[in-house]
Amino acid sequence: VEGFERTDASLVFEMLNIRMVHGWLVDPADSAVADAVGSSSYNDLIIKVVSLDSTPSASSTPTPTSPSPSAPSPSPSDAPTDPPVDPLQAHIIQEFLTRTSSQLTTYGILQLQHRLQEREMVLFFRNNHFSTLTKHNEALYTLVTDVGFERERNITWEQLDSVEGG
């Protein structure tokens, strides 16, 4: 839940001793996905899938709309020198990216519930945005900051209990 690529932006939070977390985790029980994803970052996975885009057997691939603030955009000189990606693994990765496009997994929510202390506040990364996350009475809550709720006086926190929520 705390694995981020180091960037200038993440260093600021580190210097201020602000804990950053995410819930985009592969369930180790899903061995095919766990093997295909390994410890790769989101950007690494996009590179692996896109690397097959020019091959005749490649299907449409997801592409990020914008680079993640937690990771720099790769430049050609940053491209990994890993061996070519196996097409089956690329397909598994592509399905995982599609299924978890909200950058949150059920397993990730369970890990956040387990690893956060009661009433702890952390910086939560999801959908290429940062928000405030806390744990209260064993439940996770995100601070509601969406402008669509600015006139709603009774909404401050939203429970994060599914990949569609929060």
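Helices (H or I, at least four residues) and strands (E, at least two) are DSSP runs, numbered from the N terminus. The model is predicted: local features need pLDDT of at least 70, side-chain atom pairs count only at pLDDT 80 or more, and totals for chains, interfaces and linings use all residues. Residues are numbered from 1 along each chain as its sequence is written, and side-chain values use heavy atoms, with hydrogens and water left out.

The chain contains five helices and five strands. From the N terminus, their order is α-β-α-α-α-α-β-β-β-β. Of its 166 residues, 34% count as buried (under 20% relative accessible area; exposed is over 50%, and partly exposed is in between; 1.4 Å probe, protein chains only). Contacts are heavy atoms within 4.5 Å. Among contacts in the chain with a separation of 6 or more, 55% join residues 24 or more positions apart.

Helix α5 (residues 106-115) has a buried side. Its buried residues are Gly-108, Ile-109, Gln-111 and Leu-112. These four cover an arc of only 165° around the axis, so they lie on the same side of α5. The arc is that of the directions from the helix axis to the C-beta atoms. An α-helix has 3.6 residues a turn, so residues three or four places apart point the same way. The cover over the buried residues of α5 includes β1, β2 (121-126), β3 (129-136) and β4 (139-143). Thr-106 and His-114 are exposed, on the face of α5 turned away from its buried side.

Aromatic rings were also examined. Rings of Phe, Tyr and Trp (its six-membered ring) pair if their centres lie within 6.5 Å; planes under 30 degrees apart count as stacked, over 60 as edge-to-face and the rest as tilted. This rule gives four aromatic pairs. Trp-24 and Tyr-42 form an edge-to-face pair, at 5.8 Å centre to centre and 70° between the planes. Trp-24 lies in the loop between β1 and α2 (31-37) and Tyr-42 in helix α3 (residues 42-50), so the pair ties together parts 18 residues apart in sequence. Trp-24 is buried, at 14% relative accessible area. Tyr-42 is partly exposed, at 21% relative accessibility. Phe-13, Phe-125 and Phe-130 form one aromatic cluster.

Ile-18 sits in the loop between α1 (8-15) and β1 (20-22). Its relative accessibility is 37%, so Ile-18 counts as partly exposed. Together with Val-12 and Leu-16, Ile-18 forms a nonpolar surface patch with about 260 Å² of accessible area.

Technical notes. Patches are made of residues with over 30% relative accessible area and no salt bridge: like charges are joined within 9 Å, nonpolar side chains (Val, Leu, Ile, Met, Phe, Trp, Tyr) within 5 Å. Accessible areas come from the Shrake-Rupley method with a 1.4 Å probe; for residues, only the protein chains shown count as cover. A salt bridge is a side-chain nitrogen of Lys or Arg within 4 Å of a carboxyl oxygen of Asp or Glu.
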